[in-house]
Amino acid sequence: MADVKLAGVKKSYGKIEVVHGVDIDISDGEFVVFVGPSGCGKSTLLRMIAGLEEISAGDMFIGGNKVNDVAPADRGIAMVFQSYALYPHMSVYKNMAFGLSIGKIGKAEIDRRVRQAADILQLQDLLDRRPAQLSGGQRQRVAIGRAIVRDPQVFLFDEPLSNLDAALRVNTRLEIAKLHQNLKNTVIYVTHDQVEAMTLADKIVVMNEGNVEQIGSPLDLYHRPANLFVAGFIGSPQMNILTATVTSVNDSGFMATFADGQTSPFARPAHGLAVNDALSIGVRPEHLTASTANDLSISGTVDVVERLGDVSYIYLDLPEEGRIIVAEQGSADAVPGDQRDYSAPGKNVHVFGPDGTALR
Amino acid sequence: MNRRFPTHIIVFLAPAVVIYTLFMIYPLLDSIRLSFYSLGEGGVPYFDGFKNYAILFNDPNWSGAFWNAFWNNIILFAIHMLVQNPIGLLLAACLSLPVLKGRHLYRTAIFLPTMLSVVIIGFTWQLILSPLWGVAETLMDFVGLADYFEPWLGQKSTALATISLISVWQFVGIPMMLIYAALLNIPEDLTEAAMIDGANHRQVFWRIKLPLILPTLGIVSILTFVANFNAFDLIYAIKGGLAGPDFTTDIMGTFFYRTFFGFQLQLGSTTMGATVATIMFLIILLGVVLFFFGVQRRLLRHAL
Amino acid sequence: MIIKRKFNAGAVHVILLIYCLIAIWPIFLVISNSFKSRKWIFKDPMALPDAASFSLVGFEKVLSRSNFDLYFTNSIIVTVVSLGVTLLIGAMAAWALAGYKYRGNTLLAFYLAIGIMVPIRLGSVSIMKLMVGLGLMNTLTALILVYIAMSLPLTIFILSEFMNQIPNDLKEAARCDGVSEYRIFFQIILPLIRPAIATVGVFTMVPVWNDLWFPLILAPGDEVRTVTLGVQGFVGQYVTDWNAVLSSLTLAILPVLVLYLIFSRQLIRGITAGAVK
């Protein structure tokens, strides 16, 4: 079975630790996305899974076998590089056949596998061309084809869409999704783009500065972010964060005062909060509506309105708090300078404690 | 730049173009012109058509020496291609392996002989190989090959090969550097993709890296060709103008020098010297042209 | 990757080490033996000089019998002056090729580049006539002029490639400011190509310093001899005096060696940068 397990995996370069103890379980056939800002360690982690970087500490298992010291070619993986890494002096056919020709596989079998992969990816007419003669999207498909041909247990993708233009990116994203539906392989996919993560993944691993912030399904991460970082990273536009201070705590909940003086009761477990603790209150732009009937209400002055046709973004200046964004369906009638009130239901309000962890 | 007359361009170009033309291009063209002249009474040259060339190729005094020098030069070139360039390739391949400790030290050490003048190299090796000093003999004794020691530099059959190898020893750093630079240019991605595909280091080298540096190998070859057919210094330093023993180490460069300056039994002749120089020029030109149109065209420079 | 790399590393180091020894050992031998007295040179050539064998007699002979200091000075003058002039006028010509568009630009570049492949020595007959005609035989000036002509093609090629990489914006911004073309060259372009100077320096200085042919033909007189020719003559003359021979070789080697070791990093960086064309 093509499951992958990372137990306490760490990576250090000399004295500097860049990946701090990562535990991840990936089931056979799952599409897992590692996402996070530049430098968070996601690519390093992928390269450790591939065997291109040594594992400094911890254990890694692929298909139940410990692979810490196993060479990349023997791990049952195939990788699609960000730059595609196609061999410039070989034709598309030879590029895909290269790995197989190294092993002891007969020419007939190599031919069969290459043509099969070419069929899946619509590359049949390009087999004799060199990479220099292909477009970006075509090269991408050859890179994927080279991976398919190896019949790996796990597919590794390293930011495969970042070199493509916007339109091509959407198309290729769909193709990758459909490919996964057909082949049902285990996929580990690295990207810095949270849209790709949300649309493609069965499971997302959010990383930041070498740590795993949260692991969960896309909607899990969207509705129940575990901390401030995940809350701010997932969802576009970013979740609005308001500051508040705890004023009192009791058995059924706690009270907190916002920067503008407004006090609100919170009917959820206080989890060790003390008076005067600083809280971050989060609410997504799309959850703020113009009615005043809901639990969390805010009011402010309209600063800028952006109308995109299907949705409008209203930038609201809150006294003492700064600027927040409200996403309104359709064309908003708000005008800069207006005083507006918005509110959100309690279930869409996220509370984060002094250390940034979510309180539920 | 249409607004004002571009005097500044002329000012920028003039000094370089003047010196270059005056001291490189003009003398070359003049030499070629001179090859069509013969020396008459009192050393005054007169136009004589292809007479000098006829003498060079037909007169037994001349043609024997010429062809001897020519073939010796070919042997010199062959030894460089067969020994210097593969060793350079090997060393460059070793140096370009990822995470190699001491890389800088190796590079510095191997490139050192190239920095030194040929005179130094020539005499150093003469001393080492000299039977009087016995150093080479002692070393060979260490590996049990003492019986094979001979005064190679002094023997007709081995002198040319020995000098060629000394030249290889000195200059291996250059192809090594050029190939090393080309290998560095290959993106790390390709090596990694090949490793994931299952290739070991040797397979990566032969099937991925080598094909991609073929253009550089081509350049190295043609540079070797030009340098070898222009060579002179080492042989002159070790053997003097007579390129002994018995002209076995005579190459085009030394032949040219002797023709032009003269030696014991023969007066120097500027016109014959010019003729030899022109022939050398044609040989080199032919080699370069053949190379660029025959070989380099087919070695596509792949966009990496 | 991990396992395979460790295995290969051993073999690779052995290969490199063997060749390093082959490369360095002859030179080491010469230097070490030049500090020995004659009998010890023959008795035990491989050993390092020790209290018994140490002797400076070879050096004394060299310095007293020949004008080594003069030869050094000559070599330095010729090399430094030709390098300096080549860099200046080469940079100017490279800028004329790289910084401006006009008809004949490509042809001019090609004309100047021919010299890279064509050996200047082939025109020696005429060069000598020219020098005789100009009254420059047996002068350092003759050498300098020839070496400048010899070094210009490659210098111009390397520098113009480098200048092509300077972003156009810089050049245009300066022109918009109304700065004169000469000032643009001297105050903006020249400082920007400093990295390329290392590359050019290597490809130019070494062949000039080590050249035997032109000093032999154009400046054989003792007052204008370069180190290379001087060593050659000295060794030829005292060929059986091993002390003197070894010492003169060492004197010729040491300055180059010292400079090389000091600048080796820049040098190698310069070569690899220039080789990527």
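The legends below describe close-up views of a predicted model.

**Figure 1. Chain A as a whole.**
Chain A contains eight helices and 20 strands. Its C-alpha trace spans about 75 × 45 × 35 Å along the principal axes. Of the 360 residues in chain A, 39% are buried. Among contacts in chain A between residues at least 6 apart in sequence, 64% link residues at least 24 apart.

**Figure 2. An open four-stranded sheet in chain A.**
The strands of this open sheet follow the order β2-β1-β4-β5 in chain A, and their pairing is antiparallel. Strands β2 (16-26) and β5 (65-66) of chain A form the edges, each pairing on one side only. Strand β4 of chain A covers residues 57-62 and is joined to β5(A) by two bridges, the two strands running antiparallel.

Strand β6 of chain A comprises residues 77-80. From this strand, A:I77 and A:M79 point one way, while A:A78 and A:V80 point the other way. All four of these residues are buried. Strand β7 of chain A (residues 154-158) runs parallel to β6(A), and four bridges join the two. Across this pairing, A:A78 stands opposite A:F155 in β7(A).

**Figure 3. The largest nonpolar core and the surroundings of A:I188.**
The largest nonpolar core holds 259 residues. The members that touch the most other members are A:L156, A:I188, C:A93, C:V146 and C:A149. Helix α7 of chain C, residues 140-164, gives the most to this core, with 17 residues. Not counting residues up to four places away in sequence, A:I188 touches A:V4, A:I26, A:V32, A:F34, A:L46, A:I49, A:V154 and A:L156.

**Figure 4. Chain B as a whole.**
Chain B has 14 helices and four strands. A box of roughly 80 × 80 × 35 Å, taken along the principal axes, is filled by the C-alpha atoms of chain B. Chain B has 304 residues, of which 44% are buried. When contacts in chain B between residues at least 6 apart in sequence are considered, 65% join residues at least 24 apart.

**Figure 5. Helix α7 of chain B and what covers it.**
Helix α7 of chain B runs over residues 159-171. Its 13 residues should span 18 Å at 1.5 Å a residue, and the end C-alpha atoms are 18 Å apart, so the two values agree. The buried residues of α7(B) are B:A159, B:L160, B:I163, B:S164, B:I166, B:S167, B:W169, B:Q170 and B:F171. The elements covering these buried residues include α3 (60-95), α4 (103-115), α5 (118-129), α8 (173-184) and α12 (233-239) of chain B.

**Figure 6. The contact between chain C and chain B.**
Chain C gives 68 residues to this contact and chain B gives 67 residues. On the side of chain C that touches chain B, α1(C) gives the most, with 13 residues. The residues on that side of chain C divide into 54 nonpolar, eleven polar and three charged.

**Figure 7. The two domains of chain C.**
The domain assignment divides chain C into domain 1 (2-55) and domain 2 (62-275). The C-alpha centres of these two domains of chain C lie 32 Å apart. Seven residues from domain 1 of chain C and seven residues from domain 2 of chain C make up the contact. On the domain 1 side, the elements that give two or more residues are α1 (2-34) and α2 (38-43) of chain C. Helix α1(C) has the largest share of that side, with five residues. The residues on the domain 1 side divide into four nonpolar, two polar and one charged.

**Figure 8. C:G135 in a loop of chain C.**
C:G135 lies in the loop between α6 (124-134) and α7 of chain C. This glycine counts as exposed because it has 10 C-beta neighbours inside 10 Å, and the cut-off for exposed is 12 or fewer. C:G135 and C:I158 are separated by 23 residues in sequence, and their C-alpha atoms are 33 Å apart in space.

Methods. Residues are numbered from 1 along each chain as its sequence is written. Chains are lettered from A and ligands numbered from 1 in the order in which they are written. This is a predicted model: local features need pLDDT of at least 70, side-chain atom pairs count only at pLDDT 80 or more; totals for chains, interfaces and linings use all residues. Two strands pair if DSSP finds at least two bridges between them. Domain bounds come from an automatic or database domain assignment. Two residues are in contact if their C-beta atoms, placed from the backbone, lie within 7 Å. Ala, Val, Leu, Ile, Met, Phe, Trp, Tyr, Cys and Pro count as nonpolar, Asp, Glu, Lys and Arg as charged, and the others, Gly among them, as polar. The expected span of a helix is 1.5 Å times one less than its number of residues. A residue is buried if 20 or more other C-beta atoms lie within 10 Å of its own, exposed if 12 or fewer, and partly exposed in between; C-beta atoms are placed from the backbone. A nonpolar core is a set of buried Ala, Val, Leu, Ile, Met, Phe, Trp, Tyr and Cys residues joined through C-beta atoms within 7 Å.
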